[in-house]
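Subject: Structure for your files

Hello,

Here is the structure we talked about. My notes on it follow below.

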Amino acid sequence: MMGTGVFDNNGLEWLQTLVIWYNRFLMYYLGVMLVLALGLVIVGWLAVNHYVRMRPLRDYRHVGTSELSMPVSIIVPGFNEALNIAESVRSLLATQFSQLEVIVVNDGSTDETLQVLKDAFKLVAIERTPRSGLPTAKVRQVYASPLDSRIVVIDKENGGKADALNAGINFSQYPLVSAIDADTMLDPGALARLVWEFQSHTDTVATGGIVRIANGSTVKDGRLVSIATPHRQFMANVQIVEYLRAFLGGRLGWSRLGMLMIISGAFGLFRRDVLVNAGGYSGETITEDAELVLRIRKYQADHDQPCRITFFPDPICWTEAPTTMKALVRQRDRWQRGLGETLIRHRGMLFRKKYGRIGWVALPYFWLFEFLEPLITVTGMIITPLAILFGFGSIPVYLLMLTFAFAYGYFISMVIILLEERAFRRYPNWVDLRRMTVVAFFENFGFRQWQALVRMRAIFRIRSSRKQWGEQKRVGFTQAKRAEELPA
Amino acid sequence: MNFHLTTGDAQLVVYLIVVLVVLSIALIGAVIAFKINRDNLEKKSAAMQVRILDAWESGDNVAMRAVALEVLQGGVREQSDLTSVCNRTADASWWTEERSKAVQQSFIDAGLADQLRRQLDGGSAIRRGLAVYIAGFPCWHVDPTLIEKFTQDSEPTVRLAAVAALQRMASRESADALILALEQNHLPRARIIERLGHEWAVEALLAAMDKPGQTWEVRCDLLRALAYAGDVRAVPCALTVAAGDNKFERMQAMRVLANTFAKATPEQQEQIEAAAIKATQDDHPNLRSTAIDVLRQIPHAMEFDRLEALVADADWFVRRGAARALLALGDEGRRRLERVSAGSDKFAAQRAREELAMHAAFPNYQQAGA
């Protein structure tokens, strides 16, 4: 930093100057990033306040039961999901929304996924003409269920998740399409809440709900019956706080500012025609959900069409978080690589007037403060202590920076916990609050730094290897206890 | 290398640790205080709702006036509690005329009615919305024409709350207000139609159908609402429209007839059957498909030939409807369908085979909604 140099060797002066300038850059970078992040949290807080106050006026029950509500095709892509798939489909059919169809796409599974579906729903082979022509791997057969007309199963050759989703889109018949992962559970009223958004704001083309961690909660008949944080699972608990921070502190703010760029692949609702026009999901990036939203924005802007894309904090989708280090590393690696691939693919949108705030604000932010952040952070973590060791740096300033960074991170996490308590209260018990506040403190001592390393490594692994399905091993919600396993 | 930690640096470390500890305590304290506050607010809210419900159920004028005063003196939260209670008492049978009048009077006496009216005239979207929302319930009497203008409110939530309120009012006046909103086209049409599709709106809908200069788009929407209402009073109008020139109106009229056939008089049923038979030859596939929905309710032997022919229709939905109608008519219908499945028309045969397979897998599949 601006410390005193004790080396007299001229050959090292350039190194000293470099380090000093880098440290200055790091300070400004962190300062700007933290101010912007705080701004997003404030905007998010205001948005939640507005939502909570207007919530009593929203007649979700009517949306769920009306025959004239905008109908939804839920697409569930599946690869080797024999363990969960039938329960997942039943859970979706039990959602409090009457106008829907559930399209399960069996993407060339090598296990008993299709047979499980056949047995569970007495599937009958039918002819069904696709309504759009998104290119996909070959569809072998389409099935319907005589038990429930809302079920459609597409059996196709393996093509990856994006390919499976596109096959589902092709065969969907309704104007709204939702892509939901097979290993997630929807809150019963979640779909009605998302559809309400389309019905109240007719220029909406896509909207996403919040994804929460089900670990530690109790599942019965495919539904969450009680919500809790897991006991003695630091990794799962830290992800709970992390997800809250990402959704309530990040996406909510971006949505309110009209610059939302990501709708979670686990739970999103799109206008079908816009999806098809934009070309459907792409298998060229590892996180097809993030890339799709940006491509939709681009398409709509190129064709001068309205493009309202929002995040809605109330409709909830529950998912299982990885609890092993290996699975978590794979997940974070994939997310970072996917982000990079998406940004690189759409770099042409940067600083283009046509793309408005997306091109001038959101994309630069994501480049600088999301994609490159781990690289800059890790470099700083290495250079600054070395500089001090070699006499370039100033210990007090370094300590001050560390303290400020920690305090700020902790502050933001606690604000988000307050926000969750203010608006949703999904964790009403004191023990859950205690766990979240504890992990919010301790995640700053190692977890965040470790995550930065993982993400930095991912930057250099972009396009080096790609798997098309999530690598997390399915364990059938074992982390969320089943009601029948609990002591009487 | 040259590294050393001075006494000043060590002191700084201590200070920073103290700062962190103090900050942590402050943040944790804030979270705890906030949670306690939220817990208390939730309890207060639940208690408030219980008081309101108890007062209304008791019929005690003093108690009702007291809770109305409490809502008046409160804020948005208290009015939200009031809406929660209204939702819980949404069943029309709970609101007897005597109870409605008593609660309305308590609102007037406490000044809450005036406050809510003032909220309609200005203020924030949330207060406006709350007043509009409450207006739909029997606890506060409001002229529907006063609410109609909020179907054009700047806030989408308030617009939808307005149509919901007009539906809950369930009167001729509120139906007229909804139809006016439909004609003015400030809201997605489906949002209004779904609120109009009830028996209490039928008279207004029929009157609007006869309104001179009504556009065909609005007439179609009115017919859709009549179809959802499923009231036999709509049959004469639907029969007239079904014989008209506009194909879109004819289609909607056929939907009305399909939904009212079972409740129609025998004479009307004959007329509906004739209209449906004629409609099976119409150019519009949706009309042919809807006509089948009528014919499947008529177990006359002569319809088998007609339905069998329709399994070979050019339109997929017509083919499916006809195949299902045949299956719904029992063994003879199934035999006819089996004959089609072995026939030369590959599209008809495919449709027939699929429906027979569905039927074999689960005979009640049509009742299961499949």
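The accessible surface of chain A comes to about 19,100 Å², and carbon and sulfur atoms account for 58% of that area. Please keep in mind that this is a predicted model.

Chain A as a whole

Chain A contains 15 helices and 13 strands. Its C-alpha atoms fill a box of roughly 85 × 55 × 45 Å along the principal axes. A compact globule of 488 residues would have a radius of gyration near 23 Å, and the 24 Å of chain A agrees with this. Of the 488 residues of chain A, 60% count as buried. Among contacts in chain A with a separation of 6 or more, 80% are between residues 24 or more positions apart. As for charge, chain A has 56 positive and 43 negative side chains, and the centres of these two sets lie 3 Å apart.

Nonpolar cores

The largest nonpolar core has 256 residues. The residues with the most contacts inside this core are Ile296(A), together with Trp56(B), Phe107(B), Cys139(B), Trp140(B), Ile147(B) and Leu196(B) from chain B. A second, separate core has six residues, including Ile395(A), Leu399(A), Leu12(B) and Leu16(B).

Ser413(A) sits in helix H13 of chain A, which covers residues 395-423. Because its relative accessibility is 1%, below the 20% cut-off, Ser413(A) counts as buried. Apart from neighbours within four places in sequence, Ser413(A) is in contact with Val241(A), Arg245(A), Ala440(A), Glu443(A) and Arg448(A).

Glu197(A) belongs to helix H6 of chain A, residues 190-200. With a relative accessibility of 6%, Glu197(A) is also classed as buried. When neighbours within four places in sequence are set aside, the contacts of Glu197(A) are Arg58(A), Thr204(A), Thr207(A), Arg308(A), Thr310(A) and Phe312(A).

In chain B, Leu182(B) is part of helix H9, residues 172-184. Leu182(B) has a relative accessible area of 1% and is therefore buried. Beyond its neighbours within four places in sequence, Leu182(B) is in contact with Arg189(B), Ile192(B), Ile193(B), Leu196(B), Val218(B), Asp221(B) and Leu222(B). One of these contacts, Leu196(B), is also listed among the residues with the most contacts inside the largest nonpolar core. Leu182(B) and Gly74(B) are 108 residues apart along the chain, and their C-alpha atoms are separated by 36 Å.

Two positive phi angles

Most residues other than glycine have a negative phi. Which residues have a positive phi of about 55° without being glycine? Asp304(A) is one of them, with phi at about 55°. Asp304(A) lies in the loop between helix H9 (288-302) and strand S12 (308-319) of chain A. With a relative accessible area of 71%, over the 50% cut-off, Asp304(A) is exposed.

Phe351(A) is another, with phi near 55°. The loop that holds Phe351(A) runs between helix H10 (325-345) and helix H11 (356-371) of chain A. Its relative accessible area is 47%, so Phe351(A) is classed as partly exposed.

Regards

Conventions
Residues numbered from 1 in each chain as written. Chains lettered and ligands numbered in written order. Predicted model: local features only at pLDDT ≥ 70, side-chain atom pairs only at ≥ 80, totals over all residues. Heavy atoms only, no water. Helix = DSSP H or I, 4+ residues; strand = E, 2+ residues; numbered from the N terminus. Rg over C-alpha atoms; globule rule 2.2 N^0.38 Å. Buried < 20%, exposed > 50% of the residue type's maximum accessible area, 1.4 Å probe, protein only. Contact = heavy atoms within 4.5 Å. Areas by Shrake-Rupley, 256 points an atom, 1.4 Å probe, with all protein chains shown as cover. Lys, Arg positive; Asp, Glu negative; His and termini not counted. Charge placed at Lys NZ, Arg CZ, Asp CG, Glu CD. Core = buried A, V, L, I, M, F, W, Y, C linked by side-chain atoms within 4.5 Å.
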